[in-house]
Amino acid sequence: MNEKQRSILLDSSSRFPPPPGVKLSYGTSGFRADASILQSTVFRVGILAALRSLKTQSVIGLMITASHNDVSDNGVKIADPSGGMLSQAWEPFADALANAPDSLHLVQLVDDFVRKENIPFEGLESAEILLGRDTRPSGESLLEAAKKGINSIVGAVAVDMGVLTTPQLHWMVRARNKGMKATELDYFDQLSSSFSKLIDLIPHGNIVNTMDKLIVDGANGVGGEKLVVFKKVLQFLDLEIRNSGKEGVLNEEVGADYVQKEKVVPRGFAPADAGMRCASLDGDADRLVYFSVIPNADNRICLIDGDKILSLFALFIMEQLSILNQNECGGENNSYPATLGVVQTAYANGASTDYLKHLGLEVVFTPTGVKYLHEKAAEYDIGIYFEANGHGTILLSEGLLHWLDGRSSKPSLTSKGSEQQKAALRLLAVSKLINQAVGDALSGLLLVEAILQHMGWSIHRWSELYHDLPSRQLKVKVVDRSAVVTENAETVVVRPLGIQEAINAETAKYPQGRCFIRPSGTEDVVRVYAEASTEEAAVNLANSVARLVDQFLGFGSSS
C-alpha cells in the first residue's frame, strides 16, 4: 500500500470509530443491528466492496437493508459479480474489518489482506460498486457512510442506484457483469415481457385472465412501493396493493415474515377478504408467501409458504421437461438429459418433502441459509430451492438454456408451433422472469400467477397439493451456543454427547414425529423445531426437547 492510499484510509476511517463493546458477524443477512450503531460497519463494508471489485475486476453491489426486521434496525450486505451473495471465503475478512478496534488496526488488516489476495491496489485499476437502500429512515445516512468507505479506496467509484428492493440490486449487478442494461426500467421490462410470454403460451390459446384479482400486502416497505409503479406497466394481472408504505409502519404486523410465523392476516386485511387470493412480501421484497383468509376463523389464514411455492414450480418444470423429451412423430430424439434437483433445509415441512419425493424428484438438504441452498442448486441444470419462509428461486444452467434456445428456434429440431417448441419457450421465459441471482418476491409472484393460470388452478386447488404436518418452533437461551455442533444439514447433533440420543427417544413417542435443534447464528440460543401428527403432539414434542436443551446446555446445567 502506498503512502497516499494509507493516508486516505487512516484519515477517513478515523471519522467512523466503531461503537465500544459491539461485535458484529457477517452472515446470510450480512451485518444487521440497530441502525444507530452501524455507521462504522457500513463505512468499512464500503471498503470491503471496493476491494472485492478490484479483486474480481467486476461490478459489485452494496445493499443497505434489514429486510423483515423492525424499522429501527438496518444492515448491509454485498452482492458478488454473479448477483449472488458475498463469497464465503471473504466472510472472515468482513468480520475482522468490521471489528477492527481503530484506524491503525484497520489499515494493517487491509494491507495484509491485499497482499494475501494479490489485489491490484495502487490506483491503476478501477472499481465500481452499485449502491441500493430500502425505505428505512436510517438508510440515507448509512448510504453516505458506504460512499465514504468506497471513496477511501483509490480508483473506486460508488454509483447510487437509489431506493430499491434487495433483489433489484442483485439483478442489476448480475446484468451489468453480463454486459446487459441494468436500470430499474430494464428490470421491470424483463419481468413484464417474460410474464406476458408465459401467459401467451397458456394451452389452448387461452390468454385471457379470468382469475380473481390478487391482493398483495407490501409490508409497508420498498416492495409495496415498487409494485405500485410496476402495476402501471403490467398486463394480464389484476392487482390490489395494500400496505404499500404510504401509511403504516414497516414490518409492523404486516409482511411475509409476520404472516408465515403468526399464520394470521396482516393489517389492512379483513374477514371480507375471505376466499380471495392474497400474497405478502417482506420488508425488502426477497420473500414471498401466499394465503387466503379463512371465513369466520378469527383472522386465521390458510398459509401457502415457500414449500408449496417450490412444489408448484417443480410441477410446472417437470411438465415442460416431459413434453420436451417426447419424440415428435417418431423422429430422432433430441432430448437433453437435464438434471433437476430440489433443495430444502431441515425446516421444510416433512409433508412437502414426502410430496416432492413421491413426484420422483431428487430432494437434497443443506444447512439453513440461502448461501448453502443457492450453491447446491447451482449443481443442477435446473435447481429449485425455497425456504419455508418464502425465500427462494430457480437456477437454470447455461448449457440447458443454449439447448432450449436451439429447440425453440431451429425448425430442424422442433416443428414451429409444436408442443415441444412451446415447452422450450416456456422454460426460456421462466429463465428471464425468475431472478436467478437471488430470491425475489416480485418475480416469484409473477411466476406463481403465470403457472396458476397455465394450470387453471385456484389458490384453494393449489393449497390442496398436500397438507402440512403440524409443527412448533421454540428457542432456548443457553450459556454458549457454540457448544452445539451439528452435521447432516443440521439434523443431527454430534456435541454435546448424549443429547441426540435423548432427542431420538422423545421423538419416537410421537406418530410422524420429527425434531432437530440447531444453534442460532447471532445469539446464545438454541432453536428447536418439532413436527408430529397433531398440533398438541408437535407442541409437546417441542417442549420436551426444549427441556432437554436446557438440561444439557442451559444456565442450570453443568456446562
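How many cavities of 30 Å³ or more does the count come to?

Mentor: Please keep in mind that this is a predicted model, in which local features need pLDDT of at least 70 and side-chain atom pairs count only at pLDDT 80 or more, while totals for chains, interfaces and linings use all residues. Residues are numbered from 1 along each chain as its sequence is written, and side-chain values use heavy atoms, with hydrogens and water left out.

Rolling a probe the size of a water molecule over the atoms shows where empty space is left. Here a cavity is a set of points, on a 1 Å grid over the protein atoms alone, where a 1.4 Å probe fits but cannot get out, and its lining residues have an atom within 4 Å of a point. Grid points are joined across faces, edges and corners, and a volume is the space filled by probe spheres set on the points. By this rule there are 2 cavities of 30 Å³ or more.

The largest cavity has a volume of about 50 Å³, and 13 residues line it, with F386, G390, G392, D440 and G444 nearest its centre. The elements giving two or more residues to that lining are β14 (392–396) and α15 (441–455), where helices (H or I, at least four residues) and strands (E, at least two) are DSSP runs numbered from the N terminus. Helix α15 gives the most, with 3 residues. By class, the lining of the largest cavity holds 4 nonpolar, 6 polar and 3 charged residues; Ala, Val, Leu, Ile, Met, Phe, Trp, Tyr, Cys and Pro count as nonpolar, Asp, Glu, Lys and Arg as charged, and the others, Gly among them, as polar.

The second largest cavity, with a volume of about 40 Å³, is lined by L198, I202, F316, R426, A450, I451 and H454. Its lining divides into 5 nonpolar, 1 polar and 1 charged residues, and α15 gives the most here too, with 3 residues.

A489, in the loop between β16 (485–487) and β17, has a positive phi near 55°. A489 counts as buried because its relative accessibility is 14%, buried meaning under 20% relative accessible area, exposed over 50% and partly exposed in between (1.4 Å probe, protein chains only). E253 also has a positive phi near 55°, and lies in the loop between β7 (239–242) and α9; at 38% relative accessibility, E253 therefore counts as partly exposed.

In helix α9 (residues 256–262) we find D257, which counts as buried because its relative accessibility is 15%. Leaving aside residues up to four places away in sequence, D257 touches H68 and R287, contact meaning heavy atoms within 4.5 Å. The side chains of D257 and R287 also make a polar contact at 3.0 Å, that is, a pair of N or O atoms within 3.5 Å, of which, within protein, one must be able to donate a hydrogen and the other to accept it, residues adjacent in sequence counting only if both atoms are side-chain atoms.

Methods: 1 Å grid on protein atoms, 1.4 Å probe; cavity = no way out; pocket = protein on both sides within 12 Å on 5 of 7 lines; lining within 4 Å.
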